[in-house]
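I opened the notebook for a friendly tour of one model. Below are my entries, in the order in which I looked things up.

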Amino acid sequence: MTTKEQKKPTFLNFYIKSCSLILQSVCFRGYFNGPGVIKTCRKMGIQTVAVHSDVDSSAVHVKMADEAVCVGPAPTGKSYLNMDAIMDAIRSTGAQAVHPGYGFLSENKEFAQRLAAEGVMFVGPDTHAIQAMGDKIQSKLIAKAAGVNTIPGFDGVVKTAEEAVKIAQDIGYPVMIKASAGGGGKGMRIAWNDEETREGFRFSSQEAASSFGDDRLLIEKFIDNPRHIEIQVLADKHGSALWLNERECSIQRRNQKVVEEAPSTFLDPATRRAMGEQAVQLAKAVQYSSAGTVEFLVDSQKNFYFLEMNTRLQVEHPITECITGLDLVQQMIRIAKGYPLQHKQEDIPINGWAIESRVYAEDPYKSFGLPSIGRLSQYQEPLNLSNVRVDSGIQEGSDISIYYDPMISKLVTYGATRAEALAKMEDALDNYVIRGVTHNIPLLREIITHPRFISGDITTNFLPEVYPSGFHGHQLATDSRRELLASAAALYIAAQLRSQRFLCNLRVSTIPQERGKWELCVELGKDRHNVEVTRSGNTYTVEVDAGRVEVSGEWNLASPLLPLTINGTHRMLQCLSREASGEITVQYLGTSFKVRVLSKLAAELDSYMPEKIPEDTSSILRSPMPGTVVAVAVKAGDTVAEGQEICVIEAMKMQNSMTAAKTAKVKSVHCKPGETVGEGDLLVELE
């Protein structure tokens with residue numbers, strides 16, 4: 001560890017307010033920009049200090065920094081939002097500047113003011129810009145005055161649920177209820193009627209208070225089926241400002257971005273310029289100086305409306321760096337030091353196409369992604385592929401906890417064309433190894449390979465429109481089902497043959513050594529398929545479902561990745577587990593499939609085994625995710641109606657209402673406010 005006396009900064013020492021892997025849910029969290037910022041600082045000859053909570057003591061950004069200071073226990077209010085502890089860390093290390101990251105205190109004017117009072121440089125905009133743009137009500141008024149298109153709505157603060165209903169009726173449904181100090185999808189609800197407005201007011205105000213310490217709300221007209229397109233701006237302290245083209249961020253769940261790309265397939269040069277010029281007008285109106293993002297909603301006629309301005313580095317900034325060639329962190333540092341912009345507007349190019357997938361520790365089969373916790377038992381990023389960038393703050397062995405945002409990484413691919421970038425993303429997702437937690441790679445892969453996404457026909461309603469009954473993974477067609485069955489059968493035989501050898505010597509096996517033909521039964525779901533397998537070297541020929549499939553590969557079963565050639569097509573599979581019972585879990589086309597491979601005799605005997613009776617879930621309520629119980633609305637003996645709220649679970653600062661599956665009497669309550677619950681924990685029993 002470098003001591004303060006050993007530091008030899010070029011123009012400033014760099015104190016990083018960031019987090020590691022799993023990070024916050026206030027704003028967007030410190031998301032892994034810690035390692036990214038440190039890399040840029042190293043290139044610039046700047047030494048770094050990382051702050052961390054006690055559970056993040058082994059985080060990547062902590063290991064990368066020249067110094068590290070623990071600022072408190074895991075809860076964000078006691079560590080990453082603890083200004084006193086952070087200021088003490090700055091004083092003790094002699095740090096001369098602070099880069100605030102993506103979340104936590106990155107848009108907190110009080111923190112910026114305290115830094116200024118100590119003579120410490122804040123790598124971000126001045127406090128007046130943070131204050132002006134941090135309040136959605138004030139920012140909308142400023143945008144109007146600056147000539148920026150705005151969404152019709154109520155410009156004041158909504159104080160009560162009934163006032164919210166009246167305002168919503170005046171504006172006309174649907175409306176968007178959102179936190180005045182919000183960001184990152186927190187404290188936002190869409191309401192289509194009076195009852196949803198009342199409920200939205202309650203949840204939005206609670207989430208806003210929890211995430212931002214400010215429960216003020218505003219209401220505006222909800223633009224149905226819009227695109228979410230944002231403009232990256234860069235402004236210095238000398239009055240110059242640039243727009244660095246756009247990012248398409250329409251693929252969202254719960255108002256949080258999932259897949260982004262730059263540029264947008266939708267904008268023509270004239271609309272792009274108009275949006276860019278309005279974004280610069282707004283930046284100049286508040287004397288903005290740093291990297292910032294102006295977000296717009298764009299309707300089907302290319303009318304665009306100001307949504308908000310984020311006065312910080314965005315999570316998705318890498319895709320802008322890919323198409324412009326600019327290092328935005330480096331630009332922020334130069335601007336904070338007082339240097340003028342190095343480029344003019346005509347110097348800003350659009351070179352190629354970049355796509356970012358947000359890889360989360362989430363279960364995509366539950367509301368398109370409810371948080372998952374656990375330890376990364378195996379982790380391997382697809383950095384062996386060209387034009388792939390992975391921004392992460394984790395490593396093998398890292399823990400995903402309930403305290404911070406569940407993002408694992410930002411997976412970015414780049415190509416000369418959009419088709420090339422998409423193909424590269426498909427390969428990168430297939431080559432990404434994540435074990436120990438549930439992740440959203442199945443959803444990400446389905447999105448980027450869906451015909452609507454490929455054609456550019458997307459809106460913020462993409463997920464509910466494409467998956468109206470929820471996400472259920474890759475749906476196997478006849479050919480892909482046959483490929484999966486054949487691959488599982490070949491994998492089973494390869495594993496059996498491998499078990500015959502021990503240190504290059506043959507040993508006793510359940511399969512005769514010279515055997516070259518096998519009759520098997522492969523179960524997928526409730527269906528059984530008779531399979532015949534023959535082998536020639538590393539190639540297996542599989543007869544299944546009246547078709548023939550050839551599967552070949554190196555069959556390195558010790559590797560987490562299983563590259564195969566299936567009927568001449570290259571596929572990257574992952575064998576997630578193999579059991580002695582013949583059960584194999586395979587990741588194929590992004591989705592995990594459980595199959596069971598049995599010999600012909602074993603399959604015949606298996607038909608005599610009794611079936612396990614599934615649990616009746618209509619009379620019990622279990623937590624769908626790990627989190628904290630915020631409220632319990634019932635007690636034993638109460639009668640509840642179907643759909644009635646029973647309790648509220650908060651996970652990653654998002655509140656989720658748990659409702660009754662049927663009309664019944666409450667038998668017992670197994671939770672209380674303030675308790676921490678795990679996924680699957682019993683909350684309430686009904687009679």
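**Notebook entries**

I began at Ser 367, which I found partly exposed, with a relative accessible area of 49%. For this call, buried means under 20% relative accessible area, exposed over 50% and partly exposed in between, with a 1.4 Å probe and protein chains only.

Some ground rules before I go on. This is a predicted model, so I kept in mind that local features need pLDDT of at least 70 and side-chain atom pairs count only at pLDDT 80 or more, while totals for chains, interfaces and linings use all residues. Residues are numbered from 1 along each chain as its sequence is written, and side-chain values use heavy atoms, with hydrogens and water left out.

**Backbone**

Most residues other than glycine have a negative phi, and most peptide bonds are trans. I went looking for exceptions.

Back at Ser 367, I read a positive phi, near 55°, in a residue other than glycine. Ser 367 sits in the loop between strand 16 (362-363) and strand 17 (370-371). I take helices (H or I, at least four residues) and strands (E, at least two) as DSSP runs, numbered from the N terminus.

Ala 546 is not a glycine either, yet its phi is positive at about 60°. I located Ala 546 in the loop between strand 28 (539-544) and strand 29 (547-553). Ala 546 is exposed, at 89% relative accessible area.

Next I checked prolines. The bond from Tyr 173 to Pro 174 is cis, with omega near 0°, and Pro 174 falls in the loop between helix 7 (161-171) and strand 7 (175-179). Ala 262 and Pro 263 are also joined by a cis peptide bond, omega about 0°. I placed Pro 263 in the loop between strand 12 (256-262) and helix 9 (269-285).

**Aromatic pairs**

I counted 11 aromatic pairs in the structure. Rings of Phe, Tyr and Trp (its six-membered ring) pair if their centres lie within 6.5 Å; planes under 30 degrees apart are stacked, over 60 edge-to-face and the rest tilted.

For Tyr 80 and Phe 104 I noted ring centres 4.9 Å apart and planes at 20°, so this pair is stacked. Tyr 80 is in the loop between strand 3 (67-70) and helix 3 (83-93), and Phe 104 in the loop between strand 4 (97-99) and helix 4 (109-117), so the pair ties together parts 24 residues apart in sequence. Tyr 80 is buried at 0% relative accessible area, and Phe 104 counts as buried at 3%.

Tyr 365 and Phe 471 are stacked too, because their ring centres are 5.3 Å apart and their planes at 25°. Tyr 365 is in the loop between strand 16 and strand 17, and Phe 471 in the loop between helix 15 (462-466) and helix 16 (478-498), 106 residues apart. Tyr 365 is partly exposed at 38%, whereas Phe 471 is buried at 2%.

I also noted a cluster in which ring pairs link Tyr 80, Phe 104, Tyr 403 and Tyr 404.

**Cysteines**

How many disulfides does a search of the whole structure find? I found zero, taking a disulfide as a pair of cysteine sulfur atoms within 2.5 Å. For Cys 575, the nearest cysteine sulfur is that of Cys 521, 19 Å away. The sulfur of Cys 647 is 4.8 Å from that of Cys 671, its closest, which is too far for a bond. Cys 647 is buried, at 0% relative accessibility.

**Pocket and cavity**

On a 1 Å grid over the protein atoms alone, a cavity is a set of points where a 1.4 Å probe fits but cannot get out; a pocket is an open set with protein on both sides within 12 Å along at least five of seven lines, and lining residues have an atom within 4 Å of a point.

I looked up the second largest pocket and found 19 lining residues, with Glu 523, Gly 525, Lys 526, Glu 583 and Arg 596 nearest its centre. Strand 26 (517-524), strand 27 (527-536), strand 32 (583-588) and strand 33 (591-599) each give two or more residues to this lining.

In the second largest cavity, I listed Lys 136, Ser 139, Lys 140, Ile 151, Lys 178, Leu 218, Glu 220, Phe 306 and Leu 307 as the lining. Helix 6 gives the largest share of that lining, three residues.
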